[in-house]
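Please look over the sequence and the structure shown here before reading on. The briefing that follows goes through the chains, their contact and a few individual residues, topic by topic.

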Amino acid sequence: MQSRRRFDLLVFSAFVAFVLGCPGTLFGQFQPPTDEELKMTAEPKVPGAAAIYLYREETVDDNLHFHSFYARIKVLTEKGKELATVGVPYAKGQDSVTDVKARTIHADGTIIPLDVKPADLVEHKGSGYQINKLVFTLPSVEVGSILEYRWQLRYPDDKLNSPDWDVQQPYYVRKAHYMFYPFKLLDRVIDNKGNGSSKLLYTTMLPPGAKVVYEQNSGKYTLDVTDLSPIPDEEYMPPINAFMARVKFYYSSFFNKEDYWKHEGGSWSKEMDRFANESKGLKEAVASLISPADSEDVKAHKLYDAVMTVDNTDYTRRKSSAEMKQLGIKQVKDAEDVWKQKSGSSDEIALLYLAMARIAGLKSYATVICNRDRELFNQYFMSMQQLDDVLVIVTVGGKEIVVDPGRRYANFGELDWRHMFASGLRQIDKGTSFFTTSGNSYKEAKTIRVADLTLHKDGSITGLVRISMSGPAALRWRHLALENDEDEVKKQFDESMKALVPDGVTADFDHFIGLTDYHTNLMGVVKISGNLGTVTGKRVFLPGLFFESHAKHPFVAEETRLTPVDMSYPDSVSDEVVYHLPEEFSVESAPADTTVPWTNHAAFVLKSTTGKNQITVGRTLAKNFTLLDPKEYKDLRDFYQKIATADQQPLMLTAAAATNGN
Amino acid sequence: MRRPKSAIALALLVMTSVKPADASLFGKDKVQPAPTWAVDAAKIATPATAKNSEAVILSDEDLLTIDDKGRAVERERLVTRILKPQGRNDWGVCHASYDVDEKINYLRVWTILPDGKQLQAMEADFHEIGFNQDSVLLVTEKARYAVAPGADPGAVVICESEVQLRSYIDEKMWTFQYSIPVVNEALEVDLPPGRHHAESWHHYEAAKGMEMGPNRWRWELAQVPALDLRKTADAPDWMALAGRMSVLWGDAAVKGADNQWRAIGQWVDQLEAHRPDPTPAITAETLKLIEGAPDYYQKLNKITDYIQKNIRYFVIERGIGGHQAHPAGDIFRYRYGDCKDKTTLLISMLEVAGIHAYYVPVDHRRGFVDPALPSAFGDHMITAIEVPADVHDDRLQAIVKASNGKRYLIFDPTDERTPGGSLESSLQGSYGLLVVGAESQIVQLPILQPDASGANRVGAFKLAADGSITGAVDTTRRGAEGGAIRMRLKRNDEKDLRQDLERSLGEDIPGVTLDTYKYAEPDPLDKPVTLHYEVTAHQYGKQVGPLMLVRPRVVASYARPVSRDPRTVPIDLQATGHWHDSFDIAIPDGYVVDDMPTPVSLDTDFASYHSTVSAPESGKGKVLHYERDYIVKQLELPAEKQPDYLHLQGIIGSDEKATVVLKKLQ
């Protein structure tokens, strides 16, 4: 519980730093281990941990142009030996890794130095760049060993490299010390756009008590942290960067984050407007697509449908510049090029829509957001790199609607789930502002599974299943169909069905309805055959919940939770399974009607209806939440445990003469 | 689309910040037309067999030119038509891999579009990637690749590469079968005068080699069918089934498979010569280890145990280092090494102890090493330990008898947890090359008796009137299965182990709470690993009016997902073993048994499954007893046995779901 509180209390802050003084230090010297370090076999604060960092030290000196790293690690279990291999990535031909020293210290104090030259391996090489990794592995590592190593990364005199300190690690850190000596002559610093970057800023996300300290005399920034818990690793976590303790320094043209976002946002917005420029060709295209008499709503939809026909290379293939040159195709420079070539990336298509909507007189803005499956936008971190995809805000009837034309087959107003509850920047009338998209309702992400099944006297079963989907589930299959042919999509649908139907039952996908028509729900039709049920002396048992016999309900096993729960998006799944029974069988017991409410969050309803030679089992699970605080985990687990129990209920038939099932 | 990290880079105003791009050997500024051979191949019509394939190889031709010093240059020309969008991923990329002692002379990439227009990959389209992606690997091999321009359905992708190969491998392994069909395929080997060659085939009808010129041999195949196992459950490894051919042209190019294996063994022997020579430090450590060991087994066990527990697995593959071990002294000093290194140190230490041991190159993919295809290719090295004629110890189970009459214990020192005497399941039944100088030979690795591996599970549970259940389970795992659990304990920390157990129990009992658990891992590896855990679950018994439904198989499952699609490839049963479960469930007061599942009993030549549920005192007793016994006797079944296998799985699946009906007394 202690560590959870820490995550909750991580604070964001951004500062302007003023650099004075001059650096000069020794760094990363090997330390004689203490008796306690040698003898320790576990760290009480992280019971069962494979290893811990006894000490970490990172020094960055932009005057001498190097980063140095030093670590002392205690190996506590066999798994902890994995830390004996160290890889240092660097830009070959630009940077160099030097002064690699390492040693292993056994629990009895014996020291075994690294005397093998590290290997210099290619990681990735492309046109004009090469990333290598210097790899070394420590010798004679045992459980109980202390691993100690250091290295320096040297970069050219014409480069500065302000640090990003990932303070929190996958392993517990007992103590860490960070130092940064910024470049003294700040007035000479420019970024690669030629802008003067004479201010030094930093952003921190640190546990309570930890803070960056500026030492005026030496001109250095230091950070000391102790007792830092490992990075959490749980299922259904939001992106990890939302929790990690870290510090980021910047040489900047700006005084503070407001200043940064105002200017960088302005540049971004200008580029959006440039790309979505109203050109003659586009005006003609818009004129041919809409009629002046059309309402705003009709215009917005017509243009949306038009840009949806453009080949979206994020799902097909992006042409290389060499290919375009050989084909005589011009590089896409603006929205008109996208329209003319009928091809573009997701962002380019979004901006095409922006341009067309504006031409049609619809007040529209670009927005760029951080994809929620990758990272959570944090305005305290001054980096445009956080932002992924462009969406469009279009005003219809005075109301702003966020649309996602870059997601092929997303209906008008429907967002890819990674774009829901996602934050970033948007254009406003005078500049830009921070922006967060809204999410969907569970009603907009429905899956309805209807099974009409006939149980035969011999225990075999035949029937048909129809699965209707809207929202992200439908989008997923439609996107899959863009990247694969229909046969492959069918195969994958069959695979997904295997996880749904009970053992002994075969599901053969028959056909889709509406695979490319995003205005309608997508429907998959599946033929069912096989054997179902188990037999006792007097009875036959069928799975009461046909689609849930393999269900792996989340959260039922794990008692505690450190991090928030991220369920991606709200949705609802409704089943209606009709079993037609032979004359000889009668229903002795059906799954009990069950309602599991969870106010303002979710609901589960199970209802059986028995008729003549027939029983219908209906089940609905609706979730109207996406992110949950760990405080709500107990209720969440309780909810899913009740569902798991309800889903296990059998359907009990009495047979005159029971037959062998599967 | 993420933005490039441009805003972060900084430069000093007074200095230049732009570095010249690396010069490339592969740069092409001017587009060259596709060669005639490629244009001709692109005209080949798509065969009917490729109807459902994502792509089809129209032509694949390898030419190996070996000079009089034995150095080989390989040229590959591959022409593929993309048929489906998903075909772009695997078949729209051309690549050539090479190591530190090899060199790519060229890699060229063209595409012919459906309308006949040609495109060529240019400098900026080429990339290089290293294979070193793991914390236990140090691998110098890398690949040059380019995404073919215009590689969309209908387009024909042309890859041409030439690589100067390492000089110490006198063999070409020609894998001519792919996951897509091939129309035309050819291998040509151009040998210097006087060089012999020997060829052998695996899983495919041999094609006759044609002499195209003086000592220039060519093999051609047409219409090679696709081998696609992606949707086949429990299939053997793809490489075990794929058609391939090996051509030897060095010392192993002699007549007869046995002689070829012998020659390859001698090559390995020479390669590893003196590598196991013990250093004083090795000798001292070994003597200390075996001091007081009363017999052969104890001596052996002390040494194998030492290697397994003290030498960390770390692969260093740099050129010939992918084939040749490090000297035993270095391995001992640094306490890490790969499979060859571990075997080398084991041979060294055993030598000090007066026990002879030998290298056995194998492959972890059962079926890859084929006695009929002598080859130096394989991905693993294990050890054969000579067992003296007077030693007969039941604990030494993984024994093979060689044609020289000697017995060898097959042992894998890289498997850090399977006890000496046993053998991990994935190697059982495979073939390996016993490297014993002039007596080198191919041997089949033993298939252990079912009782050598498996688990016993004993559970005692109490069911309450409200349907909740509490109980404790003790599991004892032995042999290779015990070794596998020990590896899991080694590789995971406590949090992961608990989560794994919770997850696995949660699949059997939804809503279960793991109250406590403890693994006991005795230090000697030949002792079983035990697991004790206690659980609680609400509503385990499902109440239906006066009835309560209870599944007597509370935990553990042996049922496997199966497909009823007709099968053409064997069924891989993965491991032999013997598993036994025995659960007692005390039923609540006031309930009697109303209905019971019938006992299950199935015996086949490859497996047996027996299960009973009993309620003593004719259904009025207080304890339900569930007992089952599952034995797997074979590692692999022919495809024709699919109905029998499905029947077995049906029986297991049905038994695992079987329900006892309890009735409340009025």
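Among the contacts in chain A between residues at least 6 apart in sequence, 75% join residues at least 24 apart. The model is a predicted one, and for chain A the mean pLDDT is 91, with 95% of the residues of this chain at 70 or more. In chain B, residues 24 or more positions apart account for 74% of the contacts with a separation of 6 or more.

**Confidence in chain A**

- Over residues 1–12 of chain A the pLDDT stays under 50, and the model has 19 contacts beyond four places in sequence for this stretch.
- The pLDDT is also below 50 over residues 658–662 of chain A, a stretch that has 26 contacts in the model beyond near neighbours in sequence.
- Where pLDDT is low, the predicted coordinates should not be read in detail.

**Overall make-up of the chains**

- Chain A contains 11 helices and 38 strands, and 48% of its 662 residues count as buried.
- Taken along the principal axes, the C-alpha atoms of chain A fill a box of roughly 90 × 75 × 50 Å.
- Chain B contains 11 helices and 39 strands, and buried residues make up 45% of the 666 residues in this chain.
- For chain B, the box filled by the C-alpha atoms along the principal axes is roughly 95 × 70 × 65 Å.

**Where the two chains touch**

- Chain A gives 86 residues to the contact and chain B gives 83 residues.
- On the side of chain A that touches chain B, the largest share, 7 residues, comes from strand β7 (residues 119–126) of chain A.
- Sorted by class, this side of chain A has 23 nonpolar, 35 polar and 28 charged residues.

**A helix pair in chain A**

- Helix α4 (residues 280–289) of chain A and helix α8 (residues 346–359) of chain A have axes that come within 9 Å and cross at roughly 70 degrees.
- Because angles of 65 to 115 degrees count as roughly perpendicular, α4(A) is described as roughly perpendicular to α8(A).
- The residues that make this contact are Leu282(A), Lys283(A) and Val286(A) on α4(A), together with Ala355(A), Met356(A) and Ile359(A) on α8(A).
- By class, the contact of α4(A) with α8(A) is made up of 5 nonpolar, no polar and 1 charged residues.

**Nonpolar cores**

- The largest nonpolar core has 203 residues, of which Val157(B), Ile158(B), Val360(B), Ile385(B) and Ile410(B) touch the most other members.
- Strand β12 (residues 172–181) of chain A supplies the largest share of this core, 7 residues.
- Apart from this core lies another one, of 143 residues, which includes Val402(A), Leu500(A), Val555(B) and Val660(B).
- Leaving aside residues up to four places away in sequence, Val360(B) touches Met381(B), Ile382(B), Thr383(B), Ala384(B), Ile410(B), Gly432(B), Leu433(B), Leu434(B) and Val435(B).
- In soluble globular proteins, nonpolar side chains tend to be buried together.

**Trp110 of chain B**

- Trp110(B) is found in strand β5 (residues 103–112) of chain B, and Trp110(B) counts as buried because there are 26 C-beta neighbours inside 10 Å.
- Although Trp110(B) and Cys159(B) are 49 residues apart in sequence, their C-alpha atoms are 6.7 Å apart in space.
- Not counting residues up to four places away in sequence, Trp110(B) touches Ala34(B), Ala38(B), Gln118(B), Leu119(B), Gln120(B) and Ile158(B).

**Backbone angles in chain B**

- Most residues other than glycine have a negative phi, and most peptide bonds are trans.
- Gln223(B), although not a glycine, has a positive phi of about 55 degrees, and the place of Gln223(B) is in strand β15 (residues 216–224) of chain B.
- With 11 C-beta neighbours inside 10 Å, Gln223(B) counts as exposed.
- His274(B) is likewise not a glycine and has a positive phi of about 65 degrees; the place of His274(B) is in the loop between α4 (257–271) and α5 (280–290) of chain B.
- His274(B) counts as exposed because there are 7 C-beta neighbours inside 10 Å.

How values were computed. Residues numbered from 1 in each chain as written. Chains lettered and ligands numbered in written order. Predicted model: local features only at pLDDT ≥ 70, side-chain atom pairs only at ≥ 80, totals over all residues. pLDDT = per-residue confidence, 0-100. Contact = placed C-beta atoms within 7 Å. Axes fitted to C-alpha atoms, helices over the stretch in contact; angles between N-to-C directions. Helix = DSSP H or I, 4+ residues; strand = E, 2+ residues; numbered from the N terminus. Parallel < 35°, antiparallel > 145°, perpendicular 65-115°, else oblique. Nonpolar A, V, L, I, M, F, W, Y, C, P; charged D, E, K, R; others polar. Core = buried A, V, L, I, M, F, W, Y, C linked by C-beta atoms within 7 Å. Buried ≥ 20, exposed ≤ 12 C-beta atoms within 10 Å, placed from the backbone.
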